[in-house]
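This report goes through selected local features of one protein model.

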Amino acid sequence: MSNKLINRFSLMSKIYLTFILVLGFIFFVMNVSPNEYSLNDWVWIYNLSIASFLLCYFDMRLSPNGNAFSMESSVYLATIFYFSLGHGLVVLFLTYFINFLYNRTVSNRAHIFNFCMYSIMIFATHKVFALFGGSERLGNFDNLFPYIISLFVYFLLNLFITFVFFVVSAHPEFKGILNRGLLKEVFFAYFVTLLLSLVLIILIDNEGFFGLFLFTVLVVLLSITFGKVLEWYQEMANQANKDYLTGLYNHGYFKDYLKELFRETKKTGGQFSIAFLDLDDFKKYNDYHGHVQGDRLLKFVGEFLRNETKDLGYIVARYGGEEFAIALPRITKHEAAAFMDQLRKKLNDTPFDGVDRLPYRCISFSCGVAEYESDMYEESELLHKADQALYYSKAQGKNNVQLYDAKRISRDALKFKEDLDAIEEQLKLLLYKDVYTYRHSKRVFKYAMEFSDRLTLTEEEKRTLVLGALVHDIGKIEVSRDIINKTSKLDPDEWEIMKKHVIWGKEIVLSDGRFEEVIPLVELHHERYDGRGYPYGLKGEEIPKLARILCIIDSFDAMTTDRPYQRTKTFSEAIVELRRCSGTQFDPQYVEPFIQMIEEYYPEKVGNENKTVSP
């Protein structure tokens with residue numbers, strides 16, 4: 001059993017491991033009598049122990065999941081079949097003692113546990129061998145049945161002891177030990193061990209020490225040869241499954257893996273999520289620095305993703321171009337989104353040559369996350385949802401992570417894409433001058449899209465509200481950088497200039513001519529319900545309905561995001577502020593419906609205490 005597995009202790013696993021240790025030591029002590037062994041016996045024991053250690057050292061890797069087998073068990077079995085149970089246990093002890101001195105990468109607990117586990121297996125195998133008429137010191141095989149049934153017991157005990165450990169330790173992969181492919185591998189390994197143990201008995205019986213020497217040399221050479229063949233085979237398989245540039249898995253492998261994961265999860269139950277991420281503005285980076293440097297960026301991001309996920313059991317692939325995919329077994333979409341957001345922030349803070357010319361001045365990605373659902377028919381549904389979430393993430397201003405949620409990713413949002421493209425081109429001008437306002441506009445657009453589905457609005461009103469939300473601050477293009485990027489509070493003259501952005505925004509929209517219906521939202525979203533707003537001081541229902549709605553949405557996002565001269569409020573604090581200003585700054589008939597929408601769509605950001613606060 002592996003070093004890593006032994007060190008994953010829980011209370012139940014400690015009890016189980018203690019039981020195995022005690023039982024193994026009891027069998028060893030009860031059946032070993034060193035004083036009864038002759039000098040010739042000790043010579044055989046030492047030689048068999050050296051042979052066993054060499055076979056243990058030259059193991060073979062069976063598959064890409066790290067499974068390996070070595071054939072030292074053939075020496076233990078041949079020893080108990082030909083000499084005695086005591087001889088076999090002493091050979092086992094000396095082998096593990098040498099291994100303990102040589103291999104310090106394995107913990108002492110793992111060495112001791114494996115020794116005790118093999119003691120139990122050897123003891124039981126010998127008893128079954130004797131029970132079915134097997135005789136020691138015989139090199140003939142007139143009756144093979146005792147040998148076959150004994151090795152079958154040896155195989156089952158190994159499987160059983162390992163499986164029980166997985167179960168009692170509540171290890172998340174305990175079902176994997178019953179995987180048909182893995183069982184075939186293990187059975188093949190033990191079948192080879194059986195044959196080799198019988199070969200060793202014949203060689204010892206006929207050639208003595210030379211037979212042991214010949215066996216050891218041949219098996220070591222076979223192990224090295226098969227190890228190289230398997231390594232070459234795995235290398236060829238990796239080339240077929242890996243992306244040549246990043247070294248990550250490729251599109252084909254990811255889809256095959258996802259198909260198998262989907263099938264297994266549907267059969268056995270459980271959960272998993274997938275994430276699609278797309279590097280923001282990669283085309284611009286290529287245009288600035290050339291494709292060679294663009295390839296370096298892709299390799300850098302690939303290495304970053306591999307390093308951040310290699311110890312978590314996640315599968316990372318380059319899905320195509322600048323798009324990557326990650327399969328996250330055993331976690332919900334909320335956990336996956338939190339993990340991906342941590343990755344995004346860490347990558348934002350990781351320097352790389354030339355990214356200062358990009359809009360966010362860092363490596364950034366947009367990400368969509370979707371979770372397996374039991375009613376899904378095939379994995380293509382999951383891929384489609386993750387892709388929609390990624391698309392939605394791009395629509396929210398890039399450099400963010402979005403969960404697939406039918407409530408948030410409405411069909412209207414996707415259907416509006418063609419209409420939004422035209423207005424998006426105007427908005428992109430803000431991206432280069434004022435990233436904060438650009439992202440603010442994207443968030444207000446998202447809230448407006450969500451809120452419009454809960455209001456009794458016509459389809460035209462919904463479209464106007466959403467488009468107006470996206471472009472409402474376009475007039476800030478005309479405000480100087482010194483004022484926009486000022487980190488302290490604006491002085492009165494600067495504030496008067498800033499207030500003019502609503503008029504300048506109106507003029508910009510008028511100059512286009514295609515979206516005149518959004519002009520009231522652009523011009524009047526800073527008017528207040530009590531008449532103390534700007535630019536005209538309109539009051540109550542003098543302010544168009546959609547502008548009153550937009551005022552609430554715009555103010556909520558302004559309160560809950562970082563601003564140069566204002567402390568960021570939590571969602572909870574912002575909700576309190578909305579209620580406090582209901583009837584003064586905001587139209588009261590829309591405040592509570594908006595708060596209910598926020599509480600329902602963003603429960604992870606809103607404290608439960610807000611649901612009991614009266615308006």
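## Backbone geometry in loops

Arg361 has a relative accessible area of 61%, so Arg361 is exposed. The model is a predicted one. Arg361 sits in the loop between α13 (333-348) and β6 (365-371), and its phi is near 60°, a positive value in a residue that is not glycine. Most residues other than glycine have a negative phi, and most peptide bonds are trans.

Asn399 also has a positive phi without being glycine, with a value near 55°. The loop that holds Asn399 runs between α14 (379-395) and β7 (401-403). Is Asn399 buried or exposed? Its relative accessibility is 4%, so Asn399 counts as buried. A further backbone feature is the peptide bond from Tyr534 to Pro535, which is cis with omega near 15°. Pro535 is placed in the loop between α22 (519-524) and α23.

## Helices α5 and α6

Two packed helices are described by the angle between their axes and the distance between the axes. For helix α5 (residues 85-102) and helix α6 (residues 108-131), the axes cross at roughly 165° and come within 10 Å. Angles over 145 degrees count as roughly antiparallel, and α5 is therefore roughly antiparallel to α6. The crossing of α5 and α6 is right-handed.

On the α5 side, the contact is made by Leu85, Gly88, Leu89, Leu92, Phe93, Tyr96, Asn99 and Phe100. On the α6 side, the residues are Asn108, His111, Asn114, Phe115, Tyr118, Ser119, Ile122, Phe123, His126 and Lys127. Sorted by class, the contact of α5 with α6 comprises 10 nonpolar, 7 polar and 1 charged residues.

Helix α17 (residues 435-452) packs against helix α25 (residues 588-601) at an angle of about 105°, and their axes are 10 Å apart. This makes α17 roughly perpendicular to α25. From α17, Tyr447, Glu450 and Phe451 take part, meeting Tyr590, Pro593, Phe594, Met597, Ile598 and Tyr601 of α25. The contact of α17 with α25 has 8 nonpolar residues, no polar ones and 1 charged.

Helix α24 (residues 571-580) has 7 of its 10 residues buried, so α24 is largely enclosed by the rest of the structure. Those buried residues are Phe571, Ser572, Ala574, Ile575, Glu577, Leu578 and Arg579. Which helices do the buried residues of α24 pack against? They pack against α17, α23 (545-560) and α25.

## Two further residues

Ser73 belongs to helix α4 (residues 73-82). With a relative accessibility of 4%, Ser73 counts as buried. Apart from neighbours within four places in sequence, the contacts of Ser73 are Tyr118, Tyr154 and Thr193.

Glu604 is located in the segment after α25. Its relative accessibility is 51%, so Glu604 counts as exposed. The C-alpha atoms of Glu604 and His334 are separated by 9.3 Å, although the two residues are 270 residues apart along the chain.

## Aromatic pairs

A pair of aromatic rings is described by the distance of the centres and the angle of the planes. Across the whole structure, a search finds 42 aromatic pairs. In the pair of Tyr57 and Phe58, the ring centres are 4.9 Å apart and the planes are at 90°, so this pair is edge-to-face. Tyr57 counts as partly exposed at 43% relative accessibility, and Phe58 counts as partly exposed at 26%.

The rings of Tyr253 and Tyr257 have planes at 15° and centres 6.4 Å apart, so they form a stacked pair. These two tyrosines are 4 residues apart in helix α10 (residues 251-268), a separation of about one helical turn. Tyr253 counts as partly exposed, at 23% relative accessibility.

Ring pairs also build a cluster from Phe25, Phe28, Tyr76, Phe93, Tyr96, Phe97, Phe115, Tyr118 and Tyr154. Among the cluster members, Phe93, Tyr96, Phe115 and Tyr118 are also part of the contact of α5 with α6. Tyr118 and Tyr154, likewise in the cluster, are contacts of Ser73.

Conventions. Residues are numbered from 1 along each chain as its sequence is written. This is a predicted model: local features need pLDDT of at least 70, side-chain atom pairs count only at pLDDT 80 or more; totals for chains, interfaces and linings use all residues. Side-chain values use heavy atoms; hydrogens and water are left out. Axes are lines fitted to C-alpha atoms, for helices over the stretch in contact, and angles run from 0 to 180 degrees between N-to-C directions. Angles under 35 degrees count as roughly parallel, over 145 as roughly antiparallel, 65 to 115 as roughly perpendicular and the rest as oblique. Contact means heavy atoms within 4.5 Å. Ala, Val, Leu, Ile, Met, Phe, Trp, Tyr, Cys and Pro count as nonpolar, Asp, Glu, Lys and Arg as charged, and the others, Gly among them, as polar. Buried means under 20% relative accessible area, exposed over 50%, partly exposed in between (1.4 Å probe, protein chains only). A crossing is left-handed if the near helix is turned anticlockwise from the far one by less than a right angle, and right-handed if clockwise. Rings of Phe, Tyr and Trp (its six-membered ring) pair if their centres lie within 6.5 Å; planes under 30 degrees apart count as stacked, over 60 as edge-to-face and the rest as tilted.
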